[in-house]
Amino acid sequence: MGCQHSLQGSDASKVRTIYLNEPIRNNFCKNSISTAKYSIWSFLPRYLCLQFSKAANAFFLFITILQQIPDVSPTGKYTTLLPLMIILTVSGIKEIVEDYKRHMADRLVNTKNTIVFRENEWKVIMWKEVKVGDIVKASNGQFLPADMVLISSSEPEATCYVATSNLDGETNLKIRQALLETAEMQTEQLSSLSGKIECEGPNRHFNTFIGTLYLNGKSPVAVGPDQVLLRGTQLKNTRWILGIVVYTGSETKFMQNSIQLPLKRSTVEKVTNVQILVLFLLLLAMSLVSCVGAILWKEGHGGDIWYIGTKGYSSHSLGFDILVFIILYHNLIPISLLVTLEIVKYIQALFINWDEDMHYEGNNVYAMARTSNLNEELGQVKYLFSDKTGTLTCNIMTLKKCTIAGIIYGNLSSRSDTILDNLSASPSAITESGGFNDPTLLQNFENGHPTRDYIKEFLTLLCVCHTVVPERDGGNTTYQASSPDEAALVKGIKKLGFVFTTRTPSSVTINAMGENFTFEILNILEFSSNRKRMSVIVRTPTGKLRLYCKGADTVIYERLSDDSLFVKETLTHLEYFAKEGLRTLCIAYTDLTEKQYQQWLMEYKKASTVIQDRRQSLEECYDHIEKEFLLLGATAIEDHLQARVPETITALLNANIKIWVLTGDKQETAINIAYSCKLLSAKMPCIRLNSNSLEATQQAVNQNCQDLGILLGEENDLALIIDGETLKYAFHPEVKRSFVNLALSCRAVLCCRLSPLQKAEIVDVVKKHVGAITLAIGDGANDVGMIQMAHVGVGISGNEGMQATNNSDFAIAQFSYLEKLLLVHGAWNYFRVTKCILYCFYKNVVLYVIELWFAFVNGFSGQIIFERWCIGLYNVIFTSLPPLTLGIFEQCCSEKSLLRCPQLYRISQAGKIFNTKVFWFQCINALVHSFILFWLPMKMLEHDMVLQGGYTTDYLFLGNFIYTYVVVTVCLKAGLDTLSWNKFNHLAIWGSIIIWLVFFAIYSFLWPTIPVAPEMTGQVSVVLVCPYFWLGFFIVPIVCLILNLLWTSIRNTCNGTLLEEVRKMERGRVQELHLPTAFEKSVKTEHLQLPLSSQLHKVVFQDESVDRSAPRGYAFSQLEQGVITQEELIRSYDATKIKTSKSL
Amino acid sequence: MTKMKKTSQICQSKLPDNTALKQQQLPAYRLQLSATGVLSGFFATGAFCLGVGIILILSAKSIKEIEIKYTKICANCAELREDAINFDKECTCSIPFYLSETMQGNVYLYYKLYGFYQNLYRYILSRSNSQLVGTDLKDVGNCAPFSKSHNGTPIAPCGAIANSIFNDTIILSYNLNSSIHMEVPMLRSGITWWTDKYVKFRNPSAINLSSAFTGTAKPPYWSKPVYELDLEDTENNGFLNDDFIVWMRTAAFPTFKKLYRRLNRVQYFIEGLPAGNYSFNITYNFPVTRFKGEKSVVLSTLTWSGGSSLFLGLAYTVTGAVTWLAAFSMMAIHLMLKEKRTLFIERFETERDRA
């Protein structure tokens, strides 16, 4: 907050200079952060500004001001001000509570401790006291308090590891290295450190930093992103580091990125705003009608109304009359609607936060509704865009199965179910228990099975051929790998007794069944996604030269020698693995002769010195030696799905939600996951679009569109798979339309290799094209775009990355919680919010249109029929509770039914409960009610002789009759709308009626003791003893509501909807867990409604992009094109060396 | 009317109290609105309404009521009052009528005005409640255009309502025979709401009433000041005058009755008003033809439910009848559909089978 001005001027060109050890010269922003909206002083002006920028509130402010004009207001001067104040206070309290939480969170962060070097000693200070130019010491596991330049660290070559998942969502550790000039600096040198750092101004780019370090007496050196440690990152595997703070507080890159969420408004809210506008027009129309009425009345009666005084009546102009009537009818616009909705949605959000079913015990994370604006939008989702890694999967890979020499291992059928059950309990348990566990493999190995040698070779290969680095931590060995697949393989075979123990720059030592073997690593033929394989050339302990290779089935199979065995069996096994959704790798080796190798080595050296296209020439060179493979078998790795993902996806599909998987990952991986989570099935035809030119893309898209023919635009049992490169062309203006049509005709769409921007673009295109509600779910920084773009953004929380969560509208810990969030909370909230809104409109129209009816008998003079404060308090007291309970507790049917019968979601999805038609229906209903409510009592009292003792009555007597009947009718109408009555509904409905009667009783006795409401004096004692009052008390609400009741019951009887039947069954069920079988059938048959593939089989796809062949499931992930190549990384690693222990 | 059914809550017993709320598992009744559910309710409501309706109609029928419009009968007086200049000229009018049946019990005398808008906004506004409660005689802020007299003294009681008070005098006389005319004894007290007489209207405190009202002027249309409204009865004088109080309760509709007198049941009239010849002797002061209105006098008895209006009874009867009609037709629909209608579920099944 304290540095707004510098934020604005934060263009990259602005250079800042930081002087070392001269704190006085460094004058920058404080390190304390504030995410709160208000401070104590700014609260009132900002809050009022915010509130009155809402049209409805501004309207009521305007009315309040109008009321201050003398004589213009028939309802007194303060009758709108008071409810408005009450409403502003209530929502103000809500704002304060929310902002207080933010203040607390900020304080927690700001008061964390850190160690800085000041006045020649290390001092412990709070984060907020850290200044630019400070030298900070951080130790392992700590979060860094500000952006700083690394000076030195405990590790060799002054490197350190940081976890950046908070910033970019990437889970691998990043290496940072200090400059050579400062690498050796420790406490002693720090005080003598002098010089300055010049760097660019604060900006939001994580991966750039331009700076120069000027140390006195030394030549300036450039500082780049490799030396920068950012706020929000965590120090890992490094005992300590020293760093000079360069950016603090809101100028850090982390804070620069945490921009305010774009304000999302739900469809319901937008529709409501339009409806409020319609009501406003209605108000104007009513005022005009009344004005015309007044003129006509004066024409007819205005001859000589001597009792009003000569100048009394006709002196006022038309404009004045209009103001009078606007004030008279202004309550037509529900003053309490906004605040009621705010409260309702706030509590709905609390329900989401409290839900134990969405509580992930693994890391004790509850679901969180980060905004309460979009609760009802959850009930209308039509398109779901999901990220893959971390969202559908839990980012844990284990070796599940393998096939060696044509024999399949690890095929224990019962395995995965038990694991999935345990999954939610403890995520760490998976890695331990869920691994490869098939005793027959070891038995075959030990008992001299004919394939023993193959088994040995297979396991040895897996142990040697990889880029994993072992970290010894006491007795345990942990593996650091940039490829999760390799880590899974190494861990998997470790259990079988083949342990990878040591890596030196030139060798690998393994422990095979208790014996140590050391393999000399001669070359590493790196993985790339083009090559789809990686190999190592080793000298075995026996001195032979051998090339081990693992890779995709396609690339391995085309390099197999003719002598290779088990080719067919392995292929069948691969298909089987793929069907299960496992990631497969083929394993092969070849023996090399010395001569062959020497020859190749020459070639290799040449290739590695090429300056242009070195990578390509290296790959060509690798290709020359990777041939004549002998197949050993294949591995199958399970990329663990999160618990209940397939079930959730099935339920969501049944709920008529289209699921698109958008991933940055490779096509193969995405397809595997789609199979394993049942989004794709083996018999489902897949349209694959992979082309690298606009023409090809256009041609493929058009061909497919043509093939589909009339089925285009409908939902087909088809899958579309497209990669980011092709998508670029598919979104070309010429192709876009037909591509989107094609994509929307498919049941499942997989988009792979997407950039974050493309993800957002897809969401945007679908959002605009179909006009349906979209939901995006993801866990990483690369999903932020689509999360912000979609109508509803959901972040997976609890993993380390916070970026997605921070930008989301809802945060849940597991993908499967989406089922409850959408099907239960979404559907409920939609019902609740829409009913609440419609009801608020209804009750306001009912009461205030009565003023119009009364105008017809009072010569359009603007007289009110009720007491003025009763009018004002109607919305905030007497009928404030029913809409709240309706909005908070209403349940269309039970949670179980909603989950069991996802088809029910379509009701809210289609928005049938809340649209213009329903709104008008409700308005007309309210008009009819108000007419009955005025006309019946009017006719009753017209005769004037209704009281014992013959007393005659006044206009307010009629007003109190009507008012009471209105309150009763309106409350009972809420009861009719309520499908599920709990104790709060009873309290609200009966309570409201009682509150009014009690208020009425007290209010009639205030005058003259308290100078209010003289006209109410004594009303209660005549109204309540009047027999007509009680006779009307019964008949008037009945006449109003019997129409509704009749209408609803006839509709329910004649036109049984699924919802009605489900409700009927719920009612019939007594203490029974299982729904009747008929119910299950109804669910199934509804499901069968989906157009099935039978139709589709008739379609002949002519384009070769449509793939009906069985998948093989190759997938492998590895960091590519990093700063340091895999080879360099492992060559620099030596596990035998003890870490240089530097200490301060 | 509606059938409610308690749903079972499976997990609830295991959970602590507030969890049921937090997990949205509060026990709830499911409202089920379908033909079978509401039929019995409809029948019961219909029967009740019919019953009440018939009782109401019968009791309203038992009431004797007589109304005589006298604007036209006293046309000469009405004409005289057209012009405000003639305000001090007295005009009386006698209206004979014959009561064919005895009016049993309490009899009430009302005057009724047609086309007099006591519910006009500026009319209702034009009064001072704090003046009427006797606390502040000078408070005439809202009383425009009748707040102050020409010389600037505040008017008491101020405002249009008080100024336009109904000032006809109606005397009912009983003609026992052609020679003996006796005035029917009438009570002028007990015709206001209790709270009006004892709370809302208070005279300013002083030794005597006329001194209490010093420094105020009488309303322009009044012939005498407020403290001379009833010189015989101090409890009926000043702001406490019953006729004044009754007038000050402004009616809801342009046609309204106001209670004027009630029968003092003594002597001949101990049973009520006996049948026979009567006449109203009216001192005609209140001009109505200027706003195209009319005046009438009403004599009526009352029953437990009130006056002779049939409306509420008819409303009940019609509602009852319509409810029964609806119930029958709903039953018919239900029975018809019961045979034809298959459940949603079965419909799907047959569709699937056909496919």
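The model is predicted.

The interface between chain B and chain A draws on 100 residues from chain B and 116 residues from chain A. The area buried between the two chains is about 9600 Å². Carbon and sulfur atoms give 64% of that area. In chain B, the residues that lose the most area to chain A are B:Gln24, B:Tyr121 and B:Trp193. Together they account for 9% of what that side buries.

Side chains of opposite charge can pair when their charged atoms come close. Over all chains, a search of the whole structure finds 48 salt bridges. Between chain B and chain A the count is one. B:Arg249 forms a salt bridge with A:Asp954, with the closest N and O atoms 2.6 Å apart.

Within chain A, A:Glu251 forms a salt bridge with A:Arg16. Here the closest N and O atoms are 2.5 Å apart. A:Glu251 lies in the loop between β13 (240–247) and α7 (253–257) of chain A, whereas A:Arg16 lies in strand β1 (residues 15–19) of chain A. The pair therefore ties together parts that are 235 residues apart in sequence.

Helix packing was examined for α33 (residues 916–941) and α37 (residues 1027–1054), both of chain A. Their axes are 10 Å apart, and the packing angle is about 155 degrees. Angles over 145 degrees count as roughly antiparallel. The helices α33(A) and α37(A) are therefore roughly antiparallel to each other. The crossing of α33(A) past α37(A) is right-handed. On the α33(A) side, the contact includes A:Phe921, A:Val928, A:Ile932, A:Leu936 and A:Met940. Among the α37(A) residues they meet are A:Tyr1028, A:Val1036, A:Leu1043 and A:Trp1047. The contact of α33(A) with α37(A) has 13 nonpolar residues and four polar ones. It has no charged residues.

A:Gly406 sits in the loop between β16 (393–404) and β17 (407–409) of chain A. Leaving aside neighbours within four places in sequence, A:Gly406 is in contact with A:Phe566, A:Glu569 and A:His573. The C-alpha atoms of A:Gly406 and A:Gly633 are separated by 6.9 Å. These two residues are 227 residues apart along the chain.

How values were computed
Residues numbered from 1 in each chain as written. Chains lettered and ligands numbered in written order. Predicted model: local features only at pLDDT ≥ 70, side-chain atom pairs only at ≥ 80, totals over all residues. Heavy atoms only, no water. Axes fitted to C-alpha atoms, helices over the stretch in contact; angles between N-to-C directions. Helix = DSSP H or I, 4+ residues; strand = E, 2+ residues; numbered from the N terminus. Parallel < 35°, antiparallel > 145°, perpendicular 65-115°, else oblique. Left-handed = near helix turned anticlockwise from the far one by under 90°. Contact = heavy atoms within 4.5 Å. Nonpolar A, V, L, I, M, F, W, Y, C, P; charged D, E, K, R; others polar. Buried area = accessible area lost by both parts, 1.4 Å probe. Salt bridge = Lys/Arg side-chain N within 4 Å of Asp/Glu carboxyl O.
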